[in-house]
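Please open the model in your viewer and keep the selection tool at hand. This tour goes from stop to stop, saying at each one what to select and what can be found there.

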Amino acid sequence: MVLVLLIIFMVVTPMLSKGVNVDLPITQHHDKRGDDNRDIVVAITHLGQIYVGSTPVSLDRLAGAVTEERRHHPDKAIFLKGDTRIDYGQARRVMEALHRVGVEQIQLGTEEEASSR
Amino acid sequence: MSFGASSGPGRRPSSEINVTPLIDIVLVLLIVFMVMTPVMLKQLVAAVPRKAVDERPEPPGAAPLVLRLDREGNVSLSGEPVALPGLAARVAERLAHDRRKLVFFDIDDGANYGHAVKVMDLCKGAGAKTLGIVTRD
């Protein structure tokens, strides 16, 4: 019983952090904030695939998915995790799609520069 | 069950493995993983910034600061080209007289996203409070 639980945790732990894997841009002058689980995470991988949370969506369906999510949790902010390798155009199209459904503020996810600590 | 068999007087010695230390170790490992799981999840997003991106139309009156980034990564500030190392100083100088601390970004679609965010970060470091994205609709 205990062994089974242990194995479940060992298997699930790496999967959780993998979820949607993006290399975030590295910045120095960002604001820090703990993860309070109150954001809708929109991720763009280096291949251009868009994810809302951990479900892949197409650009056309993105607006619908985010609207749906915001209907359940209207206070949730949008958190955009764009891979540092993508073209700005891909990120812009996502931001514009979000803007069209009434998202006024988007938070851009970045990684802290390791040497700045 | 096995305890009863081995504790009886004058019986054969127990041939079963003592699992108590094993369970101890397994329990400790289990607790370590249970504690680490939420921590790892948190680290994924904890070091992330909050950046305002808004697309309000430019207010009339004072001309806002528009930073243009082309696909080769060249930066120009309200029309005049600026080298990346001197950018922060120039933005800070321009923002000193701006109460709203607003910078608009007009970024070419072919530009690298990481580079674009880096430029936004520089402007934020130079004192910009609101970062605006120029749309093309």
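Begin by selecting A:Pro25, which sits in the loop between helix H1 (2-18) and strand E1 (26-27) of chain A, and bear in mind throughout the tour that this is a predicted model. Is A:Pro25 buried or exposed? A residue is called buried once 20 or more other C-beta atoms lie within 10 Å of its own, and A:Pro25 has 24 such neighbours, so it counts as buried.

Keep A:Pro25 selected and display its surroundings, leaving out the residues within four places of it in sequence. In chain A its contacts are A:Thr84, A:Thr110 and A:Glu111, while in chain B they are B:Tyr113, B:Gly114, B:Val117 and B:Lys118.

Now show chain A as a cartoon and follow it along its sequence, where you will pass three helices and seven strands in the pattern α-β-β-β-β-α-β-α-β-β. Of its 117 residues, 30% count as buried. Among the contacts in chain A with a separation of 6 or more, 73% involve residues 24 or more positions apart.

Next, select two helices of chain A, namely H2 (residues 59-72) and H3 (residues 88-100), which pack with their axes 9 Å apart and at an angle of about 40°. An angle between 35 and 65 degrees falls into the oblique class, and H2(A) and H3(A) are therefore oblique to each other. Their crossing is right-handed. To see where they meet, colour A:Leu59, A:Leu62, A:Ala63 and A:Val66 on the H2(A) side, and A:Arg93, A:Val94, A:Ala97, A:Leu98 and A:Arg100 on the H3(A) side. Sorted by class, this contact has seven nonpolar and two charged residues, with no polar ones.

Stay on helix H3 of chain A and pick A:Glu96, which has its place there. With 16 C-beta neighbours inside 10 Å, A:Glu96 counts as partly exposed. The C-alpha atom of A:Glu96 is 9.7 Å from that of A:Ala63, a residue 33 positions away along the chain.

For the next stop, select A:Val42, which touches A:Ile50, A:Val52, A:Ile78, A:Phe79, A:Leu80 and A:Val94, when residues up to four places away in sequence are not counted. A:Val42 also belongs to the largest nonpolar core, a set of 43 residues in which A:Val42, B:Val103, B:Ala116 and B:Cys123 touch the most other members. The largest share of this core, seven residues, comes from helix H4 (residues 113-125) of chain B.

That helix leads on to chain B as a whole, which has four helices and six strands, arranged from the N terminus as α-α-β-β-β-β-α-β-α-β. Chain B has 137 residues, of which 21% count as buried, and 72% of its contacts between residues at least 6 apart in sequence join residues at least 24 apart.

Finish at B:Ser78, in the loop between strand E3 (75-77) and strand E4 (80-82) of chain B. What is there to notice about the phi of B:Ser78? Most residues other than glycine have a negative phi, whereas that of B:Ser78 is positive, near 45°. With 14 other C-beta atoms within 10 Å, B:Ser78 is partly exposed.

Notes
Residues numbered from 1 in each chain as written. Chains lettered and ligands numbered in written order. Predicted model: local features only at pLDDT ≥ 70, side-chain atom pairs only at ≥ 80, totals over all residues. Buried ≥ 20, exposed ≤ 12 C-beta atoms within 10 Å, placed from the backbone. Contact = placed C-beta atoms within 7 Å. Core = buried A, V, L, I, M, F, W, Y, C linked by C-beta atoms within 7 Å. Axes fitted to C-alpha atoms, helices over the stretch in contact; angles between N-to-C directions. Parallel < 35°, antiparallel > 145°, perpendicular 65-115°, else oblique. Left-handed = near helix turned anticlockwise from the far one by under 90°. Nonpolar A, V, L, I, M, F, W, Y, C, P; charged D, E, K, R; others polar.
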